[in-house]
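I opened the model to look up its charged side chains and its strands. My entries follow.

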Amino acid sequence: MIKFVKISNSKSKGYWYYPENNNAPGMIEINEKTGDVNVVVESILDQELGYPIYANKARAYVKRLFDSGKMPDEESLVWY
């Protein structure tokens, strides 16, 4: 599970992502001009795992949100 919270009070456009209800988020940033979506900061959980599993899922999901034009303030992604 990943919880997404839209970045506010910043020049950056994107989302904080919280994997598995962890309180140390990662950051996904969107370049509105090019449509590129990048992982700017990996979450602590991704760093501990040694592979950006949650960052990759979060990046792909934020790209889908951006492409659809729907950018909610909060969102959750659950898979099993």
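I began with Asp67 and Lys63, whose side chains meet in a salt bridge at 3.2 Å, N to O. I took a salt bridge as a side-chain nitrogen of Lys or Arg within 4 Å of a carboxyl oxygen of Asp or Glu. Asp67 and Lys63 are 4 residues apart in helix 2 (residues 53-68), so about one helical turn separates them. Helices (H or I, at least four residues) and strands (E, at least two) are DSSP runs, numbered from the N terminus.

I noted that this is a predicted model, where local features need pLDDT of at least 70 and side-chain atom pairs count only at pLDDT 80 or more, while totals for chains, interfaces and linings use all residues. Residues are numbered from 1 along each chain as its sequence is written, and side-chain values use heavy atoms, with hydrogens and water left out.

I counted 3 salt bridges in the structure. Another one joins Lys3 and Glu74, with the closest N and O atoms 3.9 Å apart. Lys3 sits in strand 1 and Glu74 in strand 5, 71 residues apart.

I then looked up Asp46 in helix 1 (residues 44-49). A polar atom of the Asp46 side chain lies 3.0 Å from the backbone nitrogen of Ala55.

Last, I traced the sheet: 5 strands form an open sheet in the order 4-3-2-1-5, with antiparallel pairing. Two strands pair if DSSP finds at least two bridges between them.

Key
Polar contact = N/O pair within 3.5 Å; in protein donor to acceptor, adjacent residues only side chain to side chain.
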